[in-house]
Amino acid sequence: MKILAISGSARRNSTNTAMLRAVRTVAPIEIEISIFDGVGRLPVFSPDLEGEHLPEVVWDFIDAIAKSDGVIIASPEYVRSIPGGLKNAIDWLVSGDEIVHKPIALLHASHRGDDMLAGLRKILETITDRFAGDIFLQLPLMKLEPAEVFRTVETAENRSKVQAYLQAFSAHWMADTKTA
């Protein structure tokens, strides 16, 4: 399975991006994870820029979605909501069909953020018919530096949780693939 893991954070030393990188290192061998950490580089969505005017960075993002078997999103909460960069990235996807039948699951790097997660779940249930809302992993990593995030994810307990989460997502993808 090829997963595109999207970090909803635009911060250089993002906990979410560090978590996704750590998850990639402990993933089972049959699961390949690539990371998109460029929500801050995407221009503000405008229908005027779609089609032949699509910026290359947006085309690359959409192409990465299209080439993946599934998507994992990890995002911080800003003001009890979805960060603007992540919402903007999702806006770039809604007029195409690359995301419509794509399995998506959430991964969360904090013990809080319920309002953001509820809003994100609602959006994802709207844009794809394969949102795996019941496949969710929450790791208490908030305010850790990237090296600490790696050490925490690589502990035996968390490694086991991450692998079980990824295998559940892979099984969801496989089950949907067989019925499609």
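**View 1. Strand β4, helix α4 and strand β5 form a right-handed β-α-β unit.** In this predicted model, helix α4 covers residues 114-127 and strand β5 covers residues 131-138. Strands β4 and β5 run parallel and are joined by 4 bridges. Within this pairing, leucine 107 stands opposite leucine 137 of β5.

**View 2. Strand β3, helix α3 and strand β4 make a right-handed β-α-β unit.** Helix α3 spans residues 84-93, and strand β3 spans residues 70-74. The pairing of β3 with β4 is parallel and has 4 bridges. Isoleucine 73 has leucine 106 of β4 as its bridge partner.

**View 3. Strand β4 (residues 104-108) is largely enclosed by the rest of the structure.** The strand counts as enclosed because 5 of its 5 residues are buried, that is, under 20% relative accessible area. In a regular strand, side chains alternate between the two faces of the sheet. From β4, Ile104, Leu106 and His108 point one way, while Ala105 and Leu107 point the other way. Residues of both groups are buried.

**View 4. The largest pocket is lined by 20 residues.** The space in this pocket is about 360 Å³. Among the lining residues, Arg11, Thr15, Pro76, Met142 and Lys143 lie nearest the pocket centre. Sorted by class, the lining consists of 9 polar, 6 nonpolar and 5 charged residues.

Notes. Residues numbered from 1 in each chain as written. Predicted model: local features only at pLDDT ≥ 70, side-chain atom pairs only at ≥ 80, totals over all residues. Heavy atoms only, no water. 1 Å grid on protein atoms, 1.4 Å probe; cavity = no way out; pocket = protein on both sides within 12 Å on 5 of 7 lines; lining within 4 Å. Points joined across faces, edges and corners; volume = space filled by probe spheres on them. Nonpolar A, V, L, I, M, F, W, Y, C, P; charged D, E, K, R; others polar. Buried < 20%, exposed > 50% of the residue type's maximum accessible area, 1.4 Å probe, protein only. Helix = DSSP H or I, 4+ residues; strand = E, 2+ residues; numbered from the N terminus. Pairing = 2+ DSSP bridges. Right-handed = clockwise from strand over helix to strand, strands pointing away.
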